[in-house]
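Dear colleague,

Please find the structure below, handed over for your records.

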Amino acid sequence: MLLGANGSGKSTLLKLLAGLITPTQGHIYLAGAVGLVLQNPDHQVVMPSVGADVAFGLADLPPACWVERVEQALRLVGLWELHQRPVYALSGGQKQRLAIAGALARQVPILLLDEPTAFLDPEQQLELAQQVQHLVRTTGITALWVTHRLEELTYCDQAVLLASGRIIRQGTGAQLVQYIHQHHWDSQLN
């Protein structure tokens, strides 16, 4: 996870990694393509039904592989039973999982999540964090989750604290929580 206060550079770093902006100095190298999931799933869920939305991201592939990839991705995020449901009938958490399914269907090895729980209630936040943690452990995908919520650090393997575009500290989630409390960063983050 990538943690930091508003304006610390978290979203900018994700945009650099996703290739949405070009670095003014240095270079970025990634071991594979990335899938980007935005804070608000309504900004990237564009088709009228769940299955169609996942298939939309596969337009550059032969249609023969769409059905299998859509089903596989929706099963990974627990939405297969809703594949014919209209997108407007989904909860915020389901829409966020649908956005993740779109990236998974393209079989990207790296998933970038820009504050994916920002518009979710506490129960949906917990469910999404657990779902992404499960995906990382079962599929081998690498996920970089941007947050400013300390409670989300429970679900990460490693975390980095940013301030003013610089790495202040890195370690396990528990180590960062301890550092943040000891150095009174709490008020800047939540």
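The lining of the largest cavity divides into 3 nonpolar, 3 polar and 3 charged residues. Here Ala, Val, Leu, Ile, Met, Phe, Trp, Tyr, Cys and Pro count as nonpolar, Asp, Glu, Lys and Arg as charged, and the others, Gly among them, as polar. The residues concerned are E115, T117, A118, W145, V146, T147, H148, R149 and E152. The volume of this cavity is about 40 Å³, and the search of the whole structure finds 1 cavity of 30 Å³ or more. A cavity is a set of points, on a 1 Å grid over the protein atoms alone, where a 1.4 Å probe fits but cannot get out; lining residues have an atom within 4 Å of a point. Grid points are joined across faces, edges and corners, and the volume is the space filled by probe spheres set on the points.

Please note that this is a predicted model, in which local features need pLDDT of at least 70 and side-chain atom pairs count only at pLDDT 80 or more, while totals for chains, interfaces and linings use all residues. Residues are numbered from 1 along each chain as its sequence is written, and side-chain values use heavy atoms, with hydrogens and water left out.

As to the fold, the protein chain has 7 helices and 6 strands, in the order β-α-β-α-α-α-β-α-β-β-β-α-α along the sequence. Both are DSSP runs numbered from the N terminus (helices: H or I, at least four residues; strands: E, at least two). The radius of gyration, taken over C-alpha atoms, is 17 Å, close to the 16 Å that the globule rule gives for 190 residues, so the protein chain is as compact as a globular protein of that length. That rule is 2.2 Å times the number of residues to the power 0.38. Of the 190 residues, 44% count as buried (under 20% relative accessible area; exposed is over 50%, with a 1.4 Å probe and protein chains only).

Two residues illustrate the contrast in accessibility. G7 lies in the loop between β1 (2-4) and α1 (10-18) and counts as exposed because its relative accessibility is 77%. D53, in helix α2 (residues 50-56), has 8% relative accessibility and therefore counts as buried. Leaving aside residues up to four places away in sequence, D53 touches Q44, V45, V46, M47 and L98, where contact means heavy atoms within 4.5 Å.

Yours sincerely

Conventions: 1 Å grid on protein atoms, 1.4 Å probe; cavity = no way out; pocket = protein on both sides within 12 Å on 5 of 7 lines; lining within 4 Å.
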